[in-house]
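Let's take a walk through a protein model together.

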Amino acid sequence: MNSEAVIETRSLSKVYRDFWGRKKVRALNSLNLEVHRGEIFGLLGPNGSGKTTTLKLLLGLLFPTEGSAEILGSPATDVVKNQRIGYLPEESYLYRFLNSEETLDFYGRLFNMPRKERKERSEKLLELVKLTDARKRQLREYSKGMTRRIGLAQALINDPDLVLLDEPTSGLDPLGTRDMKDLILNLRDQGKTVLMCSHVLSDVQDVCDRVAILDSGELKVLGRVEELLKNQGVTQIRTSTLSDEAVAEIKAVVAKHNSEFLEVDHPTTTLEDLFLKTVRDAADRPGQRYIPPSESEQGQAQDAADEEVPVAAGDSDSDSE
Amino acid sequence: MTFNPIPFDVLAGLVNWAKVVGCVFAAVFVIAFLLQIASRGAQGPAFFFRQLVASVMDWLTMSPRRIWALTLLTFREASRRKVFTIGVIFIVLIMFAGWFLGDSTERPEMQVKRYVSFMLTTIGWLILPVVVILSCWGIPEDIKARSLHTVVTKPVKRNEVVLGRIFGFNLIGTVALLTMGVAGYAWMMRSLNEETRGSLTARVPVYGEISWLNKQGNEALQGDNVGDIWTFRSYIAGNTKARAIWDFTGIDEDSFRKNPQTGEPELHLESTFNVFRSFKGDLERGILARYTFVNDSRGLRVSVDPFEVQEFRAGANVMTIPRKITYGPDRSLSADILDDLADDGNLRIEVECLTTSQYLGAAQSDLFIRLPEQSFASSFGKAIFGIWMMMTTAIVLSVCLSCVVKGPVAMLAAGCIIVIGKSFWGFLAKVASGDVEGGGVIEGIIRIHRHITPNVEFQEDSRRQLVESIDKVPQLYVQVSRYLIPDLSQFNMTEYVANGFDIPFSAGLLPALATMLGFCIPWIFLGYLALKFRELESK
Ligand SMILES: Nc1ncnc2c1ncn2[C@@H]1O[C@H](COP(=O)(O)OP(=O)(O)OP(=O)(O)O)[C@@H](O)[C@H]1O
Ligand SMILES: [Mg+2]
């Protein structure tokens, strides 16, 4: 992966105002974010934390109150960039009186694609999102999941380099969710960049390379998923079944040397834990970014962790208490 | 006939247009520039000019395929929402109309007039509300349902959105209009009987410029006023030197019709003069009048036989004059109208009244040369095209308003502008020029309060000056708004068709076309700017 920035925001802020220009809500506060080419980036945060606002600012649907955003090297309000972008909105805002074939044809035309190319592309996408059977039915008759699927197909009509997905798995059945995740990973394998928002943390954990957590419009956490989830203060030892003496002995050994361990691992918490902790902390420390232990508390945390080394029996992984 | 066709002066119109549009856009840009400076400070000017360049680029890089996609989308949306049910209303209307319109005892021209007026008026009033409602709701609904968001995240420019919408609504309107036009035409053909159908013609008149000589034979601005309040016609006294003179231009071979029997070319002069009697005289006999062809540069004056003008006979008075006129004692002299009497295509005809003490009334449109007939279908088609142009103007107005405000507000605004433009534009023009009786707002209030009739002048003092200068302010406002509201009566060509005339190009279609383009072009730009610099998301 090279580190060329596909999306770059500089102290991006958004204040929603009412008709008279009075401030209603500060939806985004001084966001600095970089998304690199070829990665899957997850944007997390509780409801109303500004995820959708961020996406809309990136797409030029909203104008920033302060700061700026660059996407694929051009300013967010520039329409030319849209040529290489695919966007799946939060809810599928499509024309309900069209059927899915017409929908894809319509969006294909908007990319100035000639008829033959449009036909091939929509054929492929309908197959991909498994809507071939429902292609002649108007979107108003679609179920929520089907609407999501056609929304996804529409986002991919131009074979985009950068895909922005707002809650891609919402409304999908488990199978659809699985497909969606495979598809996102597949997109990355093709060298495309994906930025997604989601609440479904397990999905994010499965696919994302890096995540950012927003709360009340502020960036709280930013980093690579594995690093963020590494519990640096804890060392996990996995051995075959051990007697009490053996454990005691190992403890003694640990005190002297470190070389005789059979297996040393860094067990992970779940993304869910991190998410919840972040949101709770945010309430206690407003306006401050949550620094994961890996960066700040490494020294102290290691001392504390020595007292509670978990020892797992058998092959099963064990969580830290 | 009461209309007075004046050829449209394209150049003067263009200059005037450029002035008004220049002022409007200058105002828009200055305000935008100042706003940018106010909100961005030192970066304002740079931002402004970047956006200006981007806007110009938007127009240079438009894609026909994208516009067509949006046009088709608009058309599909409307047709799936079943707008074409107005066709049903139309059919029901004309089915019942037959009961009230049909009166075969009437003179054929009157029957034709009634049918044609009804048909064109119905079509106009049916199509207009439908397209206005559709166009006012289109973009706001698209924004509200956020489907436009998905569209603009594709490489679609805002001008393409505006144009696509306009074309789409126009396509719907055009389909509906054509269908109603064809159906209406067929229905008229079926409901009118054989004899009446003969009156469905499209006469092609060539009008001249009128000028006057008074009783002493001196040039005058008008003829006599016989005390008629309605001053459309003015009068020439019988057996005096008073004359009404018409100057026709562009006379050539094609200005003559072929005599059906001999095939000889002849000039058809058709007149609708009026008579004013200073005494009753012999009512059975009309008033005598006479045409004289005048070619001053060759010193030729050729009179043809006098004819009778009868005020109680309906219809036009037609006189056919062979191209080669024989005149003088024993008809020994002859003159060719085109070669001898016309001077480089300019033909002057003097009209005099020969009956002593009686008066002949004339207006510019009372004398014309009739060219070979056009088909009624073609003039009906032109009237439909007039409605089409009005519809287009209304659509562009509505779509562009809906780029700025929400549906209901856009509808109200468009409705107001259309009603004013259709019915009150003449009044507006009068108020703007200060010609309206009873003065301005304050003066009017004072007159009502003190019971002073409009024809009593106020005393000339400082208070009057004060009132007049205050009244100038609303008058100025009306003057400005008159330039921003189109005169939709230009598009109404019913009068021509109903009276059996072809619709002239330079006096009928051209001003309508100019009005349509003159308003639509700047509106489209303003609508585009409004949509471009509008945050779609925030409500
Ligand atoms: N059009 C709008 N006008 C006013 N306020 C808005 C508008 N859109 C969003 N907001 C506010 O901005 C804040 C952020 O909203 P946003 O939609 O970005 O949240 P989100 O993170 O996407 O939430 P969710 O997870 O529920 O989708 C919220 O407080 C919301 O009420
Ligand atoms: Mg959201």
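Predicted model: local features only at pLDDT ≥ 70, side-chain atom pairs only at ≥ 80, totals over all residues.

Residues are numbered from 1 along each chain as its sequence is written, chains are lettered from A and ligands numbered from 1 in the order in which they are written, and side-chain values use heavy atoms, with hydrogens and water left out.

The score called pLDDT is the predictor's confidence in each residue, from 0 to 100. Chain B averages 85, and 98% of its residues score at least 70. Within chain B, confidence is highest in helix H10(B), at a mean of 93, and lowest in helix H8 (residues 194-197), at 74. The model as a whole scores ipTM 0.76 and pTM 0.81. Helices (H or I, at least four residues) and strands (E, at least two) are DSSP runs, numbered from the N terminus.

Now for some empty space. Rolling a probe the size of a water molecule over the atoms shows where empty space is left. Here, a pocket is an open set of points on a 1 Å grid over the protein atoms alone, where a 1.4 Å probe fits, with protein on both sides within 12 Å along at least five of seven lines; lining residues have an atom within 4 Å of a point. The second largest pocket has a volume of about 1300 Å³, where volume is the space filled by probe spheres set on the points, and grid points are joined across faces, edges and corners.

Which residues lie nearest the centre of this pocket? They are Trp17(B), Tyr483(B), Leu484(B), Gly518(B) and Phe519(B), out of 41 lining residues. Helices H1, H10, H11, H13 and H15 of chain B each give two or more residues to the lining, and H15(B) gives the most, with 13. The lining divides into 32 nonpolar, 7 polar and 2 charged residues. In this count, Ala, Val, Leu, Ile, Met, Phe, Trp, Tyr, Cys and Pro are nonpolar, Asp, Glu, Lys and Arg are charged, and the others, Gly among them, are polar.

Next come the sheets. Two strands pair if DSSP finds at least two bridges between them. In chain B, 3 strands form an open antiparallel sheet in the order E4-E16-E8. Strands E4 (234-237) and E8 (274-277) of chain B each have a single partner strand, so one side of each is left without a neighbour in the sheet. E8(B) joins E16(B) through 4 bridges, and Arg277(B) has Gln358(B) as its bridge partner.

Elsewhere in chain B, strand E17 (residues 367-374) pairs antiparallel with E1(B) over 5 bridges; there, Ala202(B) stands opposite Gln374(B). E17(B) also pairs antiparallel with E7(B), over 4 bridges, and Ser271(B) stands opposite Leu367(B).

Finally, look at chain A, where an open sheet of 4 strands has the order E2-E1-E4-E5, with antiparallel pairing. Its edge strands are E2 (23-36) and E5 (74-75). E4(A) is joined to E5(A) by 2 bridges, with Glu70(A) opposite Pro75(A).
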